[in-house]
Amino acid sequence: MKKWKLSLILILSISIVLAACGTSEDKENASGNKEQSLFDKVMDEGKLVVGTEGTYPPFTFHDESGKLTGFDVEIAREVAKRLGVEAEFKETQWDAMFEGLNSKRFDMIANQVGIREDRQKEYDFSHPYIESAAVLVTSKDNDKVQSFEDIEGLTSAQSLTSNYKNIAESYGAKIQGVEGLAQAIQLLEQGRVDITVNDKLSILDYKNKKKNANIKIAATQEDAAQSGLMFRKGNEKLVEEVNKALKEMKEDGTYLEISEKWFGEDVSPK
């Protein structure tokens, strides 16, 4: 009887251990497949859900017909196309965008998200797909200002809360406060200020829309900020495939075509 009981106990013990091992293995497999799960989901459902603002021209906004469009929108659509799926956009405010990604409302964010060290700790990014830097803008006929060092003592039109105001001041410019870029350029074209310092992409967008604007970029700072498509951590397969799509777009000229449409030149990272 004792031997029978001991045998039964031994069998039960082995069964529990095997069950535990199986459970552990299942967890390990689930964890091991986590990297590909989002990519598989995207491919199975045939759609890539993209978070974006929809109110940030020329990157993501609605045109006169109400259609969502913009540089980032076209880039995301082309990426999805090359993955063999459709891009489905979900619009939200900037403040809610990261939480939307965290809560899995989106698979990816396309909204000029700057690649910064603090963000890279929490999220994964694609390779940079666009970059911009501070530029010095003058009237077309101004040949005296050719570098940031030339603006000491000159009057610069700047939003008073902008980082670009600080840049202009750091080179010795006097500041004329304005409400935004449009007013800054208006004062510049009227000859009421000498210069303005602003974001290169914003200036290129302005010049692209207003071909006859009497302004030019006189100098560009070396430090450029880069943006990437953003993902939750742990989805390396999707990030890898998106990077492949971006690389192909640059190699076959599709990226350049989109870039020139919105900015008049190539804005890819150099």
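Reader: Which backbone nitrogen does the side chain of asparagine 142 reach?

Author: This is a predicted model. Asparagine 142 sits in the loop between strand 7 (130-139) and strand 8 (155-159). Its side chain comes to 3.2 Å from a backbone nitrogen, and that nitrogen belongs to valine 145.

Reader: Is asparagine 142 buried or exposed?

Author: The cut-off for buried is under 20% relative accessible area. Asparagine 142 has 18% relative accessibility, so the residue counts as buried.

Reader: Leaving aside neighbours within four places in sequence, which residues is asparagine 142 in contact with?

Author: Contact here means heavy atoms within 4.5 Å. With the neighbours within four places set aside, the contacts of asparagine 142 are Asp194 and Lys216.

Reader: Where does isoleucine 151 lie, and is isoleucine 151 buried or exposed?

Author: Isoleucine 151 is in the loop between strand 7 and strand 8. Its relative accessibility is 0%, so isoleucine 151 counts as buried.

Reader: Which residues are closest to the centre of the largest pocket?

Author: The largest pocket holds about 720 Å³ of space. Its lining has 29 residues, and those closest to the centre are Tyr56, Gln112, Tyr164, Asp199 and Ala225.

Reader: How many residues of the lining of the largest pocket are charged?

Author: Strand 7, helix 6 (163-170), helix 8 (200-209) and strand 11 (215-227) each supply at least two residues of this lining. By class, the lining of the largest pocket has 13 nonpolar and 10 polar residues, and the number charged is 6.

Reader: Which residues are closest to the centre of the second largest pocket?

Author: The second largest pocket has a volume of about 260 Å³. It is lined by 17 residues, and the closest to its centre are Leu38, Lys41, Lys104, Asp107 and Arg232.

Reader: Where does the largest share of the lining of the second largest pocket come from?

Author: By class, this lining has 3 nonpolar, 3 polar and 11 charged residues. The elements that give two or more residues are strand 1 (47-52), strand 4 (86-91) and helix 2 (34-45). The largest share, 5 residues, comes from helix 2.

Reader: How many residues of helix 3 are buried?

Author: Helix 3 (residues 71-83) reaches 19 Å from its first C-alpha to its last, close to the 18 Å expected at 1.5 Å a residue. Its buried residues include Phe71, Val73, Ile75, Val79 and Leu83. Just after helix 3, glycine 84 has a positive phi of about 85°. Helix 3 is mostly covered, and of its 13 residues the number buried is 10.

Reader: How far apart are the end C-alpha atoms of helix 9?

Author: Among the buried residues of helix 9 are Leu238, Val242, Leu246 and Met249. Glycine 253, whose phi is positive, near 90°, follows helix 9. Helix 9 (residues 236-251) has 16 residues and should span 22 Å at 1.5 Å a residue, which agrees with the separation of its end C-alpha atoms, 22 Å.

Technical notes. Residues numbered from 1 in each chain as written. Predicted model: local features only at pLDDT ≥ 70, side-chain atom pairs only at ≥ 80, totals over all residues. Heavy atoms only, no water. Helix = DSSP H or I, 4+ residues; strand = E, 2+ residues; numbered from the N terminus. Buried < 20%, exposed > 50% of the residue type's maximum accessible area, 1.4 Å probe, protein only. Polar contact = N/O pair within 3.5 Å; in protein donor to acceptor, adjacent residues only side chain to side chain. Expected span 1.5 Å × (residues − 1). 1 Å grid on protein atoms, 1.4 Å probe; cavity = no way out; pocket = protein on both sides within 12 Å on 5 of 7 lines; lining within 4 Å. Points joined across faces, edges and corners; volume = space filled by probe spheres on them. Nonpolar A, V, L, I, M, F, W, Y, C, P; charged D, E, K, R; others polar.
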